[in-house]
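This report describes a single protein chain for a reader who is new to structures. Please look through the sequence and the model before reading on.

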Amino acid sequence: MDTESTYSGYSYYSGRSRGSHRHGERSRDHHKSRSKDGSRSEKSVTINAPPAEPLLGDSSVLGEEVQDDNWGETTTAVTGTSEHSLSQEDIVRITKDLEDSVGLDCRRYFTLTLAVVLGLLVFLTPLAFLALPHLLWPDKLLVCGTACEGLFISVAFKLLILLLAVWALFFRAPRAGLPRVFVFRALLAVLVLLFVVSYWLFYGVRILDSQDENYQGIVQYAVSLVDALLFIHYLAIVLLELRQLQPAFSVCVTRSTDGETRHYNLGQLSIQRAALAIIENYYRDFSVHNPALLTASKSRASKHLASLKVYNVDGESPASPATGPENNAATGLAHSQSRAMIAAAARRRDASHNELYYEEAEHERRVRKRKARLVVAVEEAFTHIKRMQEEEQKKAPGDVMDPREAAQAIFPSMARSLQKYLRTTRQQHCHSMESIQQHLAFCITNNMTPKAFLESYLTPGPTLQYGRERWLARQWTLVSEASVTSGLKEGAIFLLKCIDFSLVVTAKRIPYIQLSEEFIDPKSHKFVLRLQSETSV
């Protein structure tokens with residue numbers, strides 16, 4: 001496993017570069033046809049997830065034929081140069097992606113700046129109401145009594161409560177970047193802005209212009225502003241948090257590649273916020289997308305199509321009088337042979353289900369065989385760990401091996417069996433050697449059994465179980481005929497597209513349930529048991 005091989009990649013890439021120019025012309029026509037067909041009436045917007053590595057590209061979809069999963073048995077360094085051609089459409093698409101990313105970042109920072117400015121305006125307005133009279137006409141103000149000084153304490157504590165409530169509700173780390181503005185949050189921001197501007201107008205006309213001497217009335221005016229802001233915050237809690245808690249719709253989410261389906265209950269949400277909730281649930285509930293499992297059916301279908309041949313039986317022109325009877329006889333013989341070959345091809349097509357049955361049976365047999373070998377190898381490795389732990393207890397404290405070193409020591413004994421099992425089940429792209437060693441060290445640290453270690457590989461888990469670079473998409477595209485800011489409706493259908501697959505979402509309203517009550521008289525449960533004096537025993 002420690003040997004390394006180095007070869008020049010010039011021959012590999014040059015072989016591809018020789019056909020790149022021919023492929024470039026075809027790709028241009030293909031891109032143009034796709035751009036014409038892509039002009040649909042549907043609305044397509046994008047949801048940005050937190051920055052991470054993209055999903056598996058096209059090279060990983062090909063499965064185990066194109067990627068090396070020997071985990072160090074054949075470490076390869078590719079050197080050399082190659083020529084790659086890019087069409088004009090590719091350059092335009094790359095430029096558009098860069099512009100979209102820059103625009104999304106600018107919009108996010110612009111929204112954050114507006115929120116900070118509005119928050120400062122809200123919290124500084126009551127303080128300005130109290131400070132401006134002391135700065136502009138301090139000699140005309142009346143003395144503030146005990147009740148007025150008590151209002152100062154009320155304003156201070158209410159502002160502190162409002163600050164903590166706003167921090168808890170609004171200043172949270174964003175989960176994703178939505179394509180459109182959140183309607184309720186925008187309405188609340190506009191309402192707060194109009195409310196504060198109205199208070200400033202009244203303050204300027206009735207207090208600043210007339211230089212009101214009643215300072216206690218000014219303090220009460222500031223207290224009323226803070227009270228109104230607290231009520232607006234309560235309205236924000238109702239609209240942003242409580243309104244969506246009651247389930248109103250049942251959505252069916254189906255993955256387009258393998259048909260895996262889940263059902264979720266959602267409340268009164270817009271389409272874009274429902275899409276965000278579905279993506280979060282997808283990472284938790286759906287099994288990791290494995291494109292290698294789809295290659296078997298594709299190869300089987302291509303092999304079946306390649307075995308079929310089409311013959312032109314009735315398309316021959318009738319023989320002319322100049323051809324003679326010998327030519328007519330040869331033509332009839334060719335027609336009969338063609339019909340016989342078509343019949344044989346049809347029989348092979350009808351027998352394809354037998355091939356599928358035996359292929360699946362053989363695959364299951366191989367999986368069971370690999371699994372048995374893997375279980376035995378892992379149990380032997382963990383038994384060796386126990387012996388090592390017993391020996392290390394007798395050593396000095398400085399010579400004790402840490403879990404990481406123990407995992408690296410026993411990993412080679414199980415690496416080959418685990419690698420063959422992952423290749424057989426087509427999971428080799430989901431687990432790297434580093435992640436397996438980390439999981440093994442975690443199991444050793446927490447004194448877990450071999451069965452606990454193997455559970456992550458024998459049973460495919462949810463998407464979040466694997467490394468983020470294996471599944472986390474940087475960008476999701478929401479495709480919907482209706483506006484993404486509109487609420488969910490009965491029969492609403494939209495798509496969530498990723499690089500390798502898409503999620504088809506169908507919404508249905510939860511029906512209204514009518515419950516009725518039926519009263520049962522407690523006396524109806526009473527009965528009398530009469531025993532006869534002469535009974536047979």
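## Two helices side by side

The axes of helix α6 (residues 183-208) and helix α7 (residues 215-242) come within 11 Å and cross at roughly 170°. Axes are lines fitted to C-alpha atoms, for helices over the stretch in contact, and angles run from 0 to 180 degrees between N-to-C directions. The crossing makes α6 roughly antiparallel to α7, a label for angles over 145 degrees, with under 35 called roughly parallel, 65 to 115 roughly perpendicular and the rest oblique. Helices (H or I, at least four residues) and strands (E, at least two) are DSSP runs, numbered from the N terminus.

This is a predicted model, in which local features need pLDDT of at least 70 and side-chain atom pairs count only at pLDDT 80 or more, while totals for chains, interfaces and linings use all residues. Residues are numbered from 1 along each chain as its sequence is written, and side-chain values use heavy atoms, with hydrogens and water left out.

Among the α6 residues that meet α7 are Phe184, Leu188, Phe195 and Phe202, and the α7 residues they face as a group include Ile218, Leu225 and Leu239. Contact means heavy atoms within 4.5 Å. The residues of this contact divide into 19 nonpolar, one polar and one charged. Here Ala, Val, Leu, Ile, Met, Phe, Trp, Tyr, Cys and Pro count as nonpolar, Asp, Glu, Lys and Arg as charged, and the others, Gly among them, as polar.

## Serine 480 and threonine 485

Serine 480 is in strand β6, and threonine 485 lies in the loop between β6 (475-480) and β7 (493-497). At 3% relative accessibility, serine 480 counts as buried, whereas threonine 485, at 30%, counts as partly exposed. Buried means under 20% relative accessible area, exposed over 50%, and partly exposed in between (1.4 Å probe, protein chains only).

Each residue has a polar contact, listed below; the term means a pair of N or O atoms within 3.5 Å, where within protein one must be able to donate a hydrogen and the other to accept it, and residues adjacent in sequence count only if both atoms are side-chain atoms.

| Side chain of | Partner | Distance |
|---|---|---|
| threonine 485 | side chain of serine 483 | 3.0 Å |

Threonine 485 and proline 179 are 306 residues apart in sequence and 9.3 Å apart in space, C-alpha to C-alpha.

## The whole chain

The chain has 15 helices and eight strands. Buried residues make up 29% of its 537 residues.
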